[in-house]
Amino acid sequence: MIRLELPSHLRALAHIDSEVQLEIQGPATQRSVLDALEARYPALKGTIRDHVTKERRPFLRFFACEEDLSHEPPDAALPDAVASGKEPFLIIGAVAGG
Amino acid sequence: MSRVRVLVGTRKGAFILESDGKREKWEVSGPLFTGWEVYHLKGSPVDPNRIYASQTSSWSGQVIQRSSDGGKTWETPGGGPTMSPQGFPVGESNKFVYDTSEETGKPLTTHQFYDGTQHPWEFKRVWHLEPSLTDPDTVYAGVEDAALFRSTDGAHSWQELPGLRGHGTGPKWQPGAGGMCLHTVILDPRDLGRIFIAISAAGAFRTDDGGKTWKPINKGLRSQFLPDQDADVGHCVHHVAMSPYRPGVLFMQKHWDVMRSDDAGDNWREVSGNLPTDFGFVIDVHAHEPETIYVVPIKSDAEHFVHEGKLRVYRSRTGGNEWEPLTKGLPQSNCYVNVLRDAIAVDSLDKCGVYFGTTGGQVYVSPDAGDSWAPIVHDLPAVLSVEVQTLS
């Protein structure tokens with residue numbers, strides 16, 4: 001089980017009150033987590049990754065375990081603590097412009 | 001009794017302002033879509049309860065919202081049923097993808113960037129939504145980077161009308177300060193195949209075949225920032241307005257210059273006349289008097305606020321050239337707001353109401369065609385757009 005935290009404006013868009021918990025089939029990666037998230041909440045398609053290229057939107061960042069994973073390859077394994085549900089995977093709005 | 005519903009898009013959400021036909025007492029609801037930029041909301045002329053909204057963010061992209069009950073509830077309409085059995089909204093946040101297919105599309109090519117180099121087309125946001133005059137499920141979207149999209153299924157899915165972007169002049173289009181946006185879409189009520197659009201900074205274009213082919217309609221425009229000042233394309237058109245009762249007569253607020261065309265845009269002439277400055281963003285036409293037009297002069301392209309610290313709407317009853325300042329009820333000292341291109345609207349009550357919103361967060365109404373003004377709200381986030389629905 002993966003725990004995932006979203007910025008408030010995306011929680012509002014998807015009508016999510018709190019942390020999201022996702023079951024992932026196969027290895028836990030950025031791609032598999034976001035695929036599972038978008039499958040459960042289709043309203044989030046295009047808001048975290050580009051609709052077509054699937055690249056992370058530039059003003060969003062991915063953090064976990066006090067590390068910035070934003071520039072990790074999308075198929076790289078997430079830290080064990082994230083894959084086990086001990087630590088959440090954080091999607092954060094970049095401070096730029098805020 | 002008639003009522004009016006004013007749809008206000010701001011930098012941090014949307015608001016709905018409602019009143020009876022006297023337009024004195026107002027109910028304010030909102031903010032909707034809190035924290036997001038709402039570039040534009042507009043209701044269907046066929047079904048006023050159907051309203052579309054462009055919700056956008058530099059962080060999280062584009063979302064289209066739709067209401068079927070006059071703005072009380074909203075949904076993201078893409079892809080199937082509204083809510084899942086678990087109560088989650090089911091639907092994509094709406095996919096705007098340029099049509100590059102061999103069958104129906106055009107190659108993306110490039111446009112001119114700020115520095116004069118060529119730059120690939122990249123979708124950024126929806127600036128303007130224009131619901132069809134005949135079908136509440138059909139709506140047009142003017143987007144940045146400039147292109148026109150259409151949905152025929154209530155904003156579930158969007159298809160580009162690629163003939164515009166593929167016109168061939170794209171490499172000469174360039175972004176204005178706000179980006180390379182298609183901000184004006186005017187549907188001709190007399191000829192449903194005719195659509196006018198305007199792009200900053202490319203100019204105005206017209207189709208007479210429902211969007212398959214387009215022609216630039218910029219003859220008579222002159223722009224000092226172009227090496228060829230009267231070029232076919234490249235002009236920074238800020239907004240265009242047309243009375244539905246006199247299609248083909250167009251009024252334009254250009255970067256500088258207020259312009260008029262009497263032949264559906266084939267030729268333009270300047271009608272700035274005695275305006276204190278002819279820079280500005282908004283322009284609109286009285287609902288019942290097609291020669292009565294409104295602008296809000298802005299000091300200059302470097303100083304985006306009203307002239308002399310006075311918020312003045314200028315009205316011409318002669319279709320331009322002769323202008324009178326309208327000041328009653330508007331601040332006449334120490335005022336330094338701007339009025340952005342989609343932030344003026346008129347209702348269609350017998351005594352035409354005029355509405356505009358400012359970057360200072362005020363929305364003003366004049367229930368007497370501009371003779372006097374009163375604020376409906378004082379302290380909203382910066383206003384991006386104002387539309388009004390006249391409800392019976």
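Tutor: Two strands pair if DSSP finds at least two bridges between them; strands (E, at least two residues) and helices (H or I, at least four) are themselves DSSP runs, numbered from the N terminus. This is a predicted model, in which local features need pLDDT of at least 70 and side-chain atom pairs count only at pLDDT 80 or more, while totals for chains, interfaces and linings use all residues. Residues are numbered from 1 along each chain as its sequence is written, and chains are lettered from A and ligands numbered from 1 in the order in which they are written.

Student: How many strands does chain B have?

Tutor: Its C-alpha trace spans about 55 × 55 × 40 Å along the principal axes. Besides 1 helix, the secondary structure of chain B comes to 29 strands.

Student: What radius of gyration does chain B have?

Tutor: The radius is taken over C-alpha atoms, and the globule rule is 2.2 Å times the number of residues to the power 0.38. For 392 residues, a compact globule would have a value near 21 Å. Chain B agrees with that, at 20 Å.

Student: Over how many bridges do strand 13 and strand 14 of chain B pair?

Tutor: Strand 13 covers residues 181-187 and runs antiparallel to strand 14 of chain B. Leu187(B) stands opposite Ile195(B) of strand 14. Strands 13 and 14 of chain B pair over 6 bridges.

Student: Which residue is the bridge partner of Ile199(B) in strand 15 of chain B?

Tutor: Strand 15 (residues 203-207) of chain B is antiparallel to strand 14 and joined to it by 5 bridges. The two strands form a hairpin with 2 residues between them. Within strand 15 of chain B, the partner of Ile199(B) is Gly203(B).

Student: How many residues of strand 14 of chain B are buried?

Tutor: A residue is buried if 20 or more other C-beta atoms, placed from the backbone, lie within 10 Å of its own, exposed if 12 or fewer do, and partly exposed in between. One side of strand 14 of chain B has Ile195(B), Ile197(B) and Ile199(B), the other Phe196(B), Ala198(B) and Ser200(B), and both are covered. The strand (residues 195-200) is largely enclosed by the rest of the structure, because the buried residues number 6 of the 6.

Student: How many residues does the largest nonpolar core have?

Tutor: Such a core is a set of buried Ala, Val, Leu, Ile, Met, Phe, Trp, Tyr and Cys residues joined through C-beta atoms within 7 Å. In soluble globular proteins, nonpolar side chains tend to be buried together. Ile197(B) and Ile199(B) are among those with the most contacts inside the largest core, which has 133 residues.

Student: Which strands do the buried residues of helix 2 of chain A pack against?

Tutor: In helix 2 (residues 30-40) of chain A, the buried residues are Gln30(A), Val33(A), Leu34(A) and Leu37(A). Seen down the helix axis, they fall within an arc of 90° (the arc of the directions from the axis to the C-beta atoms), so they line one face of the helix. They pack against four elements of chain A: strand 1 (2-5), strand 2 (20-22), strand 3 (60-64) and strand 5 (89-93).

Student: Does Val95(A) count as buried or exposed?

Tutor: Val95(A) is in the segment after strand 5 of chain A. Its C-alpha atom is 9.1 Å from that of Leu60(A), 35 residues away in sequence. Because Val95(A) has 8 C-beta neighbours inside 10 Å, Val95(A) counts as exposed.

Technical notes. Contact = placed C-beta atoms within 7 Å.
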